[in-house]
Amino acid sequence: MSPHVSTLGVTGAVARTAPQAPQASGASVPAWLPAESPLPMPRQSLREGRLAARRPSTSPPRIGLRRAAIVGATAAMTAAASMGMLQVLRVEGLSVLDLLLLALFVPLFAWIALSCLNAVVGFVLTLARPRGPLDIDPHGPLPAPRTRTALLMPVYHEDPARIMAGLQAVYESVAATGHLEKFDFFVLSDSRRGEVVAAEVAQFRALLERTAGHGRLFYRRRSDNRGRKAGNIADWVQRFGGAYAQFLILDADSVMSGQTLVRLVAAMERHPDVGLVQTLPRVVNGNTLFARMQQFGGRVYGPVIARGVAWWHGAEGNYWGHNAMVRTRAFAEHAGLPELPGRRPFGGHILSHDFVEAALMRRGGWAVHLVPELDGSYEEGPPSLTDLLVRDRRWCQGNLQHSKVVGSAGLHWISRTHMLVGIGHYLTAPMWAMLLLVGLAIPLYHTDLVWDGFRLPGFSPLAYWRERDEARVAWLFAATMGVLFLPKVLGYLAMLADPAERRGCGGALRALAGVLIESVLAALMAPVVMYRQSRGVAEVLAGRDSGWEAQRRDDGTLPLSGLVQGYGGMTLFGVFMGALAWAVSPGLALWMSPVLLGMALAIPTVALTSARGPGQWLRRHRVLCIPEELEPPPVLRRAAALRAALAPA
């Protein structure tokens, strides 16, 4: 079906059906389901396919010039920095190590330059506040949806009371818009443990009673959870998708306001060739110090970067797997995922399926948009660095797996760019480590070493680089630090320019304190993340699969034994290498200190940031604060109240 053909056959002609009585599924678990409305979802070929010739009507004007400006500016910044580095390296002639350092420096600088330019463009757009390509007015009159929408919540070994509380808050928020009759809600369980399944069933029964939602709230548990989350959604599409013009996936920690959902539906109805609209979820409900620094950073820095990204991605945006409105027929016709050839971890079902689904839908002619200007979309972050790293390991495997997808036939070059950026996110970690090591090896290679026993008196990599070309080295260091930190500065300034945002983040001075605290903690954690990501890349390349585990949502604490087991080796390595470097030369220790300090302090840093006490103390003093804490939106207040009431259950 062409994306430009009307979908009235789906949206207007499907009769409302009463739900079937609870029936036995393959695992003898009750299922509350509507009458089925099958929709074919054929598997797509990655070897064959052509990009749809017609440009989406919602593609911004002069989008080619926007992309040329971003690519050209990134290339110009990288070329200028690289020429400066080359001039420094060639002072004593170019060695193999010099060329290796340059080969690492060029892509790494391009990486941070692109992020910086996204922030610059986003900062300008934040101040100008132009209307987006989908004409969504977050504050205008609420349109009346004409089509039917399904809200899907796939779950796997989650806390049933918690997820049902969040779903009830969304349900009631939609009901408050007066358009509940256009929405149905599905809990799609992939849980395997018997006690979890029993709790899900009990909590769903209670949810039905609390909401009187019979005929609008449904529960289904798969007896075979192959394909993980992507397979769960595909199963729903093939069984029930024909009855709904669009659907939206809520993660177990997602909450969205009814008004935002209605506006997304209206945008889909106004633009019949739009296949997917991705919101920018706000990270909320952080209690630990780690969670609070993550949600503060996402609130202050995230919008400017997202607006910049949306400006040049246009109708070739990306999909993050949740909190996005998806046109059902577009998804069914183009997003059926094949299994990749070969063994795990690169073969089998596609883990980071959302990137691939967006790319295939765009290949089929459907527009994919990011709308960072629309509020009312929320999610929760991991409570600790440990939980982030567990999830990050799975993402590492999924993103590296895209190396077998990025060359697929017919994909738009922006869709390929999304996958390359995802792959690069993990490859840059070992590249930064190699850059630091090569930057140390070059002075060792070029310096006439005079050992005094075990010591190298006066040896300093910093002094070596400064002596080669002091002015250029100072310029390169300042340029690199500026490019790294400018997105944070612009995010802070954009927040100050909005009085409501400024008050919601605690005011100018408290927000500045939050930026400083977040930056220091992020710098201390960076070596740990770099090491774990580098190890994750090595594990994937060695063939080790990440598995599929449930995520912790609230409590990020670990006992001392867990901290020692997870970070003890890294801490001992950092302490030992720091002492060794100092014994050889204080200058060497100074060069290695940014990495070794973070490793040596890994246990206390993780322990501190995983605790609730420091986070709650800062909250009381309105530091690392976000607007949703000071004035929670109704849907978040309701979700919190329900979770508190249901916690004993």
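How many aromatic pairs does a search of the whole structure find? The search finds 13 aromatic pairs, where rings of Phe, Tyr and Trp (its six-membered ring) pair if their centres lie within 6.5 Å, and planes under 30 degrees apart count as stacked, over 60 as edge-to-face and the rest as tilted. This is a predicted model, in which local features need pLDDT of at least 70 and side-chain atom pairs count only at pLDDT 80 or more, while totals for chains, interfaces and linings use all residues. Residues are numbered from 1 along each chain as its sequence is written, and side-chain values use heavy atoms, with hydrogens and water left out.

**Aromatic pairs**

- Tryptophan 32 and phenylalanine 204 form a tilted pair, 5.1 Å centre to centre with 45° between the planes.
- Tryptophan 32 lies in the loop between β2 (30–31) and α2, and phenylalanine 204 in helix α5 (residues 194–211), so the pair ties together parts that are 172 residues apart in sequence; helices (H or I, at least four residues) and strands (E, at least two) are DSSP runs, numbered from the N terminus.
- Both tryptophan 32 and phenylalanine 204 are buried, that is, under 20% relative accessible area with a 1.4 Å probe and protein chains only.
- Phenylalanine 186 and tryptophan 236 form an edge-to-face pair, 5.6 Å centre to centre with 75° between the planes, and both residues are buried.
- Ring pairs link a cluster whose members include Phe186, Trp236 and Phe331.

**Record annotation**

- For residues 247–441, an unreviewed UniProt entry lists "domain: Glycosyltransferase 2-like", an annotation that may be inferred rather than shown by experiment.
- Over residues 247–441 the chain is 52% helix and 14% strand.

Terms used. Buried < 20%, exposed > 50% of the residue type's maximum accessible area, 1.4 Å probe, protein only.
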